[in-house]
Every structure is written in C-alpha cells, then in structure tokens.
Amino acid sequence: RSQGADMPMIPAPAIDELRAGTPFPFSARVALTWTDAAIEPVARAFLRELHALAGISMDRASEFDAPRIELALTSDAGDADGLGQVPRPFGVSPLGDSGSDERHSIVIDSTVIAVTARSPEGIFRALTTLRQLIEEQLDDAGEAALAPRRIVDGPRIAWRGLSFDVVRTFFGPAEVRSVIDVLALYKLNVLHLHLTDNQGWRIEIASWPKLATVGGAGAVGDRPGGFFTQREYVDLVAYARARFVTIVPEIDVPGHTSAIFAAYPDLNTTEPELRSSRPDIVSDYLDPRGPRTFEFLADVLGEIAALTPTPYLHIGGDEPYGMPPELYREFVERATTIVRGLGKRVAGWQEIARSDLEPGDLIQYWIEPHEPETSPTPDGDADAASDTSPSSISDDIRATMEETFAQAGGDLGLARAQGAQIILSPSSIAYFDTPYAEPSAEHGQESARSRLGLRQYQPVSVERSFDWDPATIVPGLDLAEQLAGVEAAIWCETVQDLADLQFLLLPRIPGFAERAWSSPRSSWPEYVQRLAAHAPIWRRAGWNYFRSSLVDWR
Ligand code: TNX
C-alpha cells in the first residue's frame, strides 16, 4: 500500500488534502514542542501513549530540532489556521455552555508536523488523528512514513457517546478505563454510565451505605456483583477527563429500582396488587408518595452531583412498569426539581418527556416505531425469562407496560413543545447488545459468540451500525434546534466479561463514531477499507473484536 497516502483515519476528517513531497519520517528521534502551558498535559500524555504503544520515546525538544511535531494554540482572529472552514457542530456539549472547541488543523510536511487548535481539547483530537496515522504505518523498527497533507477537522455533532450498563455485569475501574480508551481513539466524548438497575447498585453512597454493599452484591444470573467506591469513581472521572471523555452518571428511577429495595425494603411502597410475580418483569417502583422517597433521592443525587463535574445528571425514567401515569409524572417533576436544585441539568430516557421539562433538558430517544423490539423486553437473563404465562402479571401491570411503548411515538413531540433536546439512540442501530448479522450463517455460528446479544432483537450487521444518518433517522427533526447528540448503548444481560464486551463494541464503535463526527458522508466500500486497517491497532492494545466476514481484515 502507498506510504500513508490512503486515509486510515476513523472518523474521516472534514478536509484532507494530500500534498506533494517527501514523507515525514516518524521515529523515536522525532521531537515534540509546545509553547502554551495549557497544552502541556495533553502533550505529555501523547508522549506516554506512544511510549506505551510501541516503546517510542520521543521527547520534548527545542523548536529548532527536526524532524519535529509542533503543538500550538491559536486564536480565531483572522482565521489564519483555517479552522473557520469547519462549521460549528450540531448539538450540545457534555461540558455545558463552556464546552470547548474541538476543531484543529494538522499540516504535515517533510520535516515538521504543525498542529493547531483553539483549545487543549482540539489539540487532543488532533493528536488522536496523528496517533492513528502513525499506528497504521508503524513498522517493526518503530518508524512510520507520513505522507505530506493538510487536515482540517472538527465534529459534526457535539455530544457523541456510549451508554454503558455496568449493572447486569459489573465492570471494575480497569475495565471501564479500557472502554474509555476505545471511546477516545474514535473521538467519542461521553461515557454515560448506567450505574443502577434492578440487578445491582454500582456506586458507593455514604448516606445510604447499603445501596452498594447490599444492593451491589449481585448481577444477572450468578455473576459477581461489585461497586465503585466514591474514590474509584472520582478517579474514573479524572481518567476520562484527561482523554476529553465526560462521564455522565445515570441513577435509574423510578423503575428499575429492585436493587434499592433489596438494600432498603422500606423504600418500596408499591401497592401489593401492582407487584409482579414474574421474575423477568419487575413492576415495583419508587413511589412519589413514599414518606422517604425524595429524601432518599436528594441524598443520592446530591452525592453524585458533588462527585461529577459535568452539568448533566441522567435520571433514567425508562420503562416505569406498574406505575400509574400520574404518579410517574409527579415523580419525574420532583426528581427534576432536585437535579436543578443541585445546579445540574436533566437528562433522561425519552419517557420523561411525558412530564414537565424545561428548555435545555435532554431526552434520550430509543424506542423506534414499528420495530419488533418495541414490545416490552424481559428483564435480566434472557434464558431465565422462560415464564411467559400471561396470567402471572395483572392487567394493571400489563396496561402500564403497554403504555410505555404505545405513547412512545408522542415523546419527541412532547419534548419539542417543551424545548427539550434529543440524544439519538435508535435501538435498531445504536444498541450494540444485538447479535451480529453475517451473510453466511456458518460464519455467524463459529465466530459470533452466538450466545451474545439479546434474543428478542434482530441481528444487526457491522454495516448497519455505520450506514445510517443521524440527520434523517427521525423524520422532521430539526438538527439545529432539537438535536443534542448521539449515543450508542451497550446493555450487558448477555455480556459476561471484557472480551465479550469488546467483541460487541468492535467493530461497531468506529462506524458509529464516523456517523457522529464526520460531515462528508462516506460510503461503505470506502469506509470498510479504513476499518480493516484498524485491526492492528486493536491487537496492539489487546482488545478483542469480531472478525466479521464483511471486512477484509489486515
Ligand atoms: C431496554 S433501553 C432497557 C434496558 C435493557 C435493554 C436491553 C432502556 C432505556 N431500557 O433496561 O437492558 O432494553 O437492550
């Protein structure tokens, strides 16, 4: 293959112009220079990363050394760096109004690589591109020939995330860090941590200690439980931050709350006739009329808010099975009042649009019209959910389950009318806990870890996670006014360990990231060649991935 002249970057940059000339000779002798103290942490992290990756020890050097990589912050005065050619992104920054500018430019010539941006985050994104270029060309001697080119880039969508279920299977800090590494490599900037659900509570709460110790003891099936201490969580937030990934914590209420009730049974004041006897359908909920419900919620959200710099707290709100609609509405209104009182903004699954929201709140779209999976999903281990006898739940419970999905088509309109913005997580595309679809059944059987992915879903091909357009997935969505961002989601009922998790994330994450970041609409035949070139990066990092037969892997 040509020396770096093909375009291995994912996501594809907005502007990429190849230039004539001798390639830049990347090696351990290359020096890195920077002028602004603000970018020192990003520069040092890049040096450490290259060292860890390939034993490369570049060093900081004077601005006269060559070859060298120069990092500099620029101002937008006069647009000398050309960043003005890349439009501002759609959506909202997970950092809030102070959200930084991710745009950057990279000019590679035979002796110097000049990297400029308006913020440390922009420099970080540029270095991620550079890392991909280097890794893709790296030979056994630790050298890479980088073709002269000019790249000017920035994201199409500001909020680009992964929602990660650490409840159904508990993943500890080291495993979460490795997921953050995958996100950062593909310029995703949000890790939405689904910290609580029926099967477990995964974060230490000092004022309600049994949430973690009792509520966190188990997981799906007989898998081990676990939880993050506050210290571990704070360290994860910092680890993510250093990679410009924002952790958005989710405390899922008022449904999906069995772990709370296991720890503190008195908090469960669900009417006896609304409690399900089916193990796979949970209909107990946090009741707004419970005497300690909002004291509890204020304590929990208060502690989470204090540990979390992002302006957003995600309150879940999905699938409030068993809950009469007026109680749900009352609950969400009180919960959002608590969040605002803590100085934070509200995010929640799309069902919260059925309550009063405020402009700037975020709702997460996941229920698609006319898809098979919009029927109620059994909760927990798919194989254990064998009791399908309709007699074991009451008509009242059944009605609330059906309501959840029957009303879904109105949620976006309700959100729009209230000025709330939308995170797109269309389940048929963005849910990665689906089996892989492959052209040949045998290939699927032998390599697709066929136990992975929930049975109620249609299998989804690697191409499908790539071949969609956030701009058209919801008819009539006004990108400038209503879009907040996009998030993929990985639910872990069938995912048992890190190898399983990586198997479902790779190669879907890069395709999703391409759609979130890139403005030029790449085609599958072109994209799949770039994708193939990334497998060596994953192998070097020790990440598992699905060797789909749709890709001619390197
Ligand atoms: C629905 S998506 C859920 C999760 C399940 C998931 C399985 C959503 C807001 N709730 O509790 O894990 O389906 O794909």
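Author: Start with two strands: E10 (residues 159-165) and E11 run parallel and are joined by five bridges. This is a predicted model: local features need pLDDT of at least 70, side-chain atom pairs count only at pLDDT 80 or more, and totals for chains, interfaces and linings use all residues. Residues are numbered from 1 along each chain as its sequence is written.

Reader: What makes E10 and E11 a pair?

Author: Strands (E, at least two residues) and helices (H or I, at least four) are DSSP runs, numbered from the N terminus. Two strands pair if DSSP finds at least two bridges between them. E10 and E11 have five bridges, so they pair. Gly-161 stands opposite Val-190 in E11.

Reader: Why is the unit of E10, helix H3 and E11 called right-handed?

Author: A crossover is right-handed if, with the strands pointing away from the viewer, the path from the first strand over the helix to the second runs clockwise. E10, H3 (residues 173-185) and E11 make a β-α-β unit of that hand.

Reader: How do you know that E11 is mostly covered?

Author: A residue is buried if 20 or more other C-beta atoms, placed from the backbone, lie within 10 Å of its own; it is exposed if 12 or fewer do, and partly exposed in between. In E11 (residues 190-194), five of five residues are buried. Val-190, His-192 and His-194 point one way, Leu-191 and Leu-193 the other.
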